[in-house]
Amino acid sequence: MVKLEMKNLYYRYKGANKDVLKDINCRFEGGELNAIVGPSGSGKTTLLSIMAGLDKPTQGIITINDKDLKDLDLDEYRRDSISMIFQAFQLFPLLTALENVSFPMIYKGIDKNQAREKSKKVLESLGIDGDKQSRYPAKLSGGEQQRVAIARTLATGAKIILADEPTGNLDGENSKRIIEILQELAHKQDFCVIIVTHDMEIAEQSDNVWRIKDGIIEQVEQVK
Ligand SMILES: Nc1ncnc2c1ncn2[C@@H]1O[C@H](COP(=O)(O)OP(=O)(O)OP(=O)(O)O)[C@@H](O)[C@H]1O
């Protein structure tokens with residue numbers, strides 16, 4: 001099962017005079033839904049971008065399946081191991097739902113028809129069926145758009161899902177559905193799901209909760 005680990009990791013933005021992340025030690029594994037919570041400015045998004053391979057730690061190491069990211073091809077890591085979900089969905093506005101999902105597969109070199117068939121199946125499994133698949137994102141509800149974004153994530157084959165406030169733009173009902181989907185992906189398909197959120201309800205439904213404050217992370221004991 002996939003494993004992402006950080007050891008004694010520090011991060012400081014160029015030109016800044018203090019560390020944004022300090023001595024981060026944590027481990028995330030497949031099969032688990034993880035929440036990272038913390039006040040605004042505490043370092044959550046910074047940590048997420050380091051895990052996504054978009055930024056490099058100034059000190060310390062980050063490993064995937066015990067391999068140091070600094071020894072890996074970061075483009076490959078981002079393409080094959082990581083998929084991201086955002087608060088604002090970030091779908092391509094000029095591509096249909098189906099095209100949005102098949103695009104990363106085609107980009108990876110998978111045959112167009114094969115990509116299309118797989119995308120259809122994944123979308124259907126998330127309740128985006130019939131004519132919804134050929135609609136542009138603007139013609140779908142927020143909850144539907146986020147499910148298309150999740151389908152796109154699944155179609156890439158990456159086992160680590162990094163989600164930045166994935167329910168931030170959704171109402172209660174749609175948020176619940178998205179969390180249930182992410183939970184199922186972790187528990188039934190062994191994805192490692194890491195959600196950055198302000199929403200304590202998400203945290204309550206997660207297997208592990210980590211709290212960052214002033215760049216320091218600690219695991220929260222959960223009473224279930
Ligand atoms: N490009 C940058 N250059 C310098 N400092 C930055 C940069 N981006 C973020 N910071 C600072 O780093 C700290 C952590 O920011 P980060 O965005 O990781 O926090 P966050 O916990 O995700 O906040 P929020 O919940 O508001 O999104 C903040 O003090 C922020 O001002």
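Guide: In this predicted model, the domain bounds come from an automatic or database domain assignment, and on that basis the centres of domain 1 and domain 2, taken over C-alpha atoms, are separated by 24 Å.

Visitor: Which residues make up domain 1 and domain 2?

Guide: Domain 1 consists of residues 1–81 + 165–224, while domain 2 consists of residues 89–157.

Visitor: What makes you say that domain 1 and domain 2 are in contact?

Guide: Two residues are in contact if their C-beta atoms, placed from the backbone, lie within 7 Å, and eight residues of domain 1 stand in that relation to six residues of domain 2. On the domain 1 side, helix α6 (residues 172–189) supplies the largest share, four residues, and by class that side has four nonpolar, two polar and two charged residues.

Visitor: Why is the largest nonpolar core said to lie between domain 1 and domain 2?

Guide: The core has 61 residues, and those that touch the most other members are Val148, Ala151, Ile161, Ala163, Leu182, Val193 and Ile194. Because both domain 1 (1–81 + 165–224) and domain 2 (89–157) give residues to this core, the conclusion is that it lies between them. As for Val148, its contacts, leaving aside neighbours within four places in sequence, include Leu91, Ala97, Leu123, Ile128 and Leu140.

Visitor: Why is the protein chain called as compact as a globular protein of its length?

Guide: The protein chain has seven helices and 10 strands. Its radius of gyration is 17 Å, and the globule rule gives 17 Å for 224 residues, so the chain counts as being as compact as a globular protein of that length. Along the principal axes, the C-alpha atoms fill a box of roughly 50 × 40 × 35 Å, and 40% of the 224 residues count as buried.

Visitor: Why is Asp129 called exposed?

Guide: A residue is exposed if 12 or fewer other C-beta atoms lie within 10 Å of its own; Asp129 has 11 C-beta neighbours inside 10 Å and therefore counts as exposed. Asp129 is found in the loop between α4 (112–125) and α5 (142–155), where, not counting residues up to four places away in sequence, Asp129 touches Leu123 and Glu124.

Visitor: What is the make-up, by class, of the shell around the ligand?

Guide: The shell has three nonpolar, seven polar and one charged residues; among the residues around the ligand are Tyr13, Ala16, Val20, Gly38, Ser40 and Lys44. Lys counts as charged and Gly as polar, which is how the classes are assigned.

Key. Residues numbered from 1 in each chain as written. Predicted model: local features only at pLDDT ≥ 70, side-chain atom pairs only at ≥ 80, totals over all residues. Helix = DSSP H or I, 4+ residues; strand = E, 2+ residues; numbered from the N terminus. Near = placed C-beta within 6 Å. Core = buried A, V, L, I, M, F, W, Y, C linked by C-beta atoms within 7 Å. Buried ≥ 20, exposed ≤ 12 C-beta atoms within 10 Å, placed from the backbone. Rg over C-alpha atoms; globule rule 2.2 N^0.38 Å.
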